[in-house]
Structure formats: C-alpha cells, structure tokens
Amino acid sequence: MANVTVIGAQWGDEGKGKIVDWLAARADAVVRFQGGHNAGHTLVIDGTTFKLSLLPSGIVSGTLSIIGNGVVLDPWALRDEIARLEGQGVRITPDNFAVADNCPLILPLHGELDALREAAAGKGKIGTTGRGIGPAYEDKVGRRAIRVCDLAYLDALDPLLDRLCAHHDALRAGFDRPAVDRAALKASLAEIAPSVLRFAQPVWKRLKKVRKAGARILFEGAQGVLLDVDHGTYPFVTSSNTVSGAAASGSGLGPASTGFVLAIVKAYTTRVGSGPFPTELEDDVGQRLGERGHEFGTVTGRKRRCGWFDAVLVRQSCAISGVTGIALTKVDVLDGFDKVRICTGYRLRGPDGQMRVLDYLPAHAADQASVEPIYEELDGWTQTTAGARSWADLPANAIKYIQRIQELIETPVALVSTSPERDDTILVRDPFLD
C-alpha cells in the first residue's frame, strides 16, 4: 500500500478539503506538513459543512490526525477550532490528534506585525491574510521562535524572549509601536499552554511507528504550488514550501515515505489577493465562474479572481512537484458554457520588441504580469456533470475537456470530483494502491 501526498497545483482553493477527506476515510493517519491557519478547507459530509484551517481533514472521519513540525501553529486558533468542531460532534483527543512538539508558535505580535507591514506597503501589498504566518516563519529561520515544547518550560522562557524581543522591539519602534509587553505575552502563553501540551509529542516517532506497522499515511499540504516561496509567483506567495518535497521535512519522515503525489487541480483557475494571473477574466464569464463556483475564501471570505484553465501553470506545477496524478475538481461549474477555453502557452514581448512564445511562466514579476495567454477553444456541454460517479455519467464534451487537460499538463487524471459531496467522485486510479 502506498502513502499519498496531496498538494494544490494552482494558487490554492482547488478543493483539497473534499479530496483529502475522501482519501482520509481510507488512510490510517493524516499529516499537515506546512502552512498555518491561513489555509482553509471546507468539507461537506452527509449535508453537514465543516470548515477547517489548522486541523487535518482526517479529524472529521476520526482518522489519526497530526500537525507536523513544518506548520506554524497559532495555539489560540487551534483551541477555538477544536471547540468549534467538538460542538459539531467531532471527537478530538490525544488518541486521534497530535501536534509536533518542535512546531513554531504564531504569537499575537506576529499578526500585528503582519498587519503593520501590509498597511505600510501601499502598492507593494502582497495580500496576506494578516494572520502572522510570514513573521512566524521568519522567526523560525531566524532562530528566535518560541515552539510548542517551550510551553512546558515557561520559567526558562526569558532567554528566548530576549532574542525574540531584540528583533521585534526594533521593528515595532520603526512603526511607532510600543515594545512587546513581555509579562502579558508570558501570561497568555501560560493560559494557553495546557490546551496545546495535551496533544504535544515527537510526532516523527509516532509516524515511524505507524509506517513500520504498514499503515497508510496521507500527507496534506496547504495553499498551492504557485504560492510556494521558491517556485511560486514571488513575491506574491506564502512563506513556506508548498511543493510535495516539503512533506518529508515538514513531518519528520524521509522523502521515500511520501509515496503517490496527488495534485488537486480546479477545472478552471482562481486566485485570492494580489499577484499575476494570466487567464483572469474581468467580464461576465469571470463573474459567472465565481458565482457558480461560490468562489469566496474559506478563511478570509475574500472574493476570488476567476479565469480559464491554465495548462501552462499546472504542467509547471506538476513537473516541479513530481506529480503522479491529478484530482480534477469543480468540473460541474463549467456546465452550460457553449465554449470553454484552455491556455496552452504565453506570448511575451522581449527587450528587442519581438513577441516570443513561452511554454512556462517566467520567474520575474514584470514578465509574469505581462504575459498574454494563448487559448485553445473547445465545445462546452449543456448536460450536467454534478454528482457524476462514473465516466458514463459525463457528457462526451466534458470527457474531451478532461482528456485534453491531461494531455496538455502531461500528467494523468486519477480522480474527478463532481460536487462538494464526498462520494461524488470518479476514481480512475487509486493512489493508495499505486
């Protein structure tokens, strides 16, 4: 039995929650390996909607769920999310949930710094969620983070606070803000510590035991490859690596453990916040996609920008992450379009004034903002694909559209999702049996 790593191949919001939940019901453990509570998953199970930000999607089905060391953890957000899900009848105990004890914490000062920077950036705004994710990752690599394990040793916290405050007090002074209130911060940490420490453990050790037993592990990524800090549309990216390789470092298991790499791909393209978007539609078609797809962020509620499917970007994401197969979601949103389009390449005017054709997204932000999409047009379909559970249930033109996508991205389709419901899924290739 193979392990499975799930990532998003676009700018996030591809529908990972439903697919991960579908896979989690067949897994023995689910691991979040990067990101923070800026991620958002919406699950619809038997008509009940569950909204998750930090907790792995497997928690709803009772699967062992783990937050790995690659995640930055807001302990207050975690406590609130656990309480909300328990209010919906989800059982969460140390038996089915664990947090890496070496996980860095997101502190109130991180969120405040995030907001101050965005407010001061003017036209240079990145469009962060303002939840402190980036500043927390900065403190991690700057070796001044407070981690989950430190909550058990609050009496020894002062040397860590010295390093942390030496950095943040200088930044805050530049924004005309007072120094960090160390006493208030320590009091807040003392108050939240019991809520987190009951789940804290060396999760690499628990995962090693799970793997040794031959159990199936599902690695759950947040955001999407195009938001990867190295490979995304920099600087309009998140602050972590969202590619499949991060599953190994962010969980404590080696690269050989990550198994089948399943990329979640939306049948069209969306993006939240600032940054380049070659196929964006600022017309009635874009509006229609947004309305039919209910394109609002799970975490922020922000309206998503919408556009046609970009095969150039998805092919690039699949290559960078070594994707084995894709799960194509929201095909039903395209029902009723007379024509559908796929971006197959870009035109970009070079320094010499000549137009060039590119089969990849260039690295520089100016070039990314200037590329013009080259489209291929296909016939749409009037029949519904919603709720389809086999190829026979799909209109012929929908099948042609899906087949053309996998040809252009050079990666096979493993799953097709036709509604938010868990069982409305066409299984082409089982990732756990690959």
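Start by selecting D13, which is partly exposed at 23% relative accessibility (between 20% and 50%; buried is under 20%, exposed over 50%, with a 1.4 Å probe and protein chains only). D13 sits in the loop between β1 (4-8) and α1 (16-24), where helices are DSSP runs of H or I of at least four residues and strands are runs of E of at least two, numbered from the N terminus. Check its backbone: phi is near 65 degrees, positive in a residue other than glycine.

A word on ground rules: this is a predicted model, where local features need pLDDT of at least 70, side-chain atom pairs count only at pLDDT 80 or more, and totals for chains, interfaces and linings use all residues. Residues are numbered from 1 along each chain as its sequence is written, and side-chain values use heavy atoms, leaving out hydrogens and water.

Now jump to K330, in the loop between β13 (325-329) and β14 (339-349). K330 is not a glycine either, yet has a positive phi of about 60 degrees; its relative accessible area is 22%, so K330 counts as partly exposed.

Next, select helix α5 (residues 158-174). L161, L164, C165, H168 and R172 are buried there, and the buried residues of α5 pack against α3 (108-121), α4 (133-141) and α6 (182-197) (contact means heavy atoms within 4.5 Å). Just after α5, D176 takes a positive phi of about 60 degrees.

Last stop: P235, in the loop between β8 (217-220) and α8 (246-249). The peptide bond from Y234 to P235 is cis, with omega near 10 degrees.
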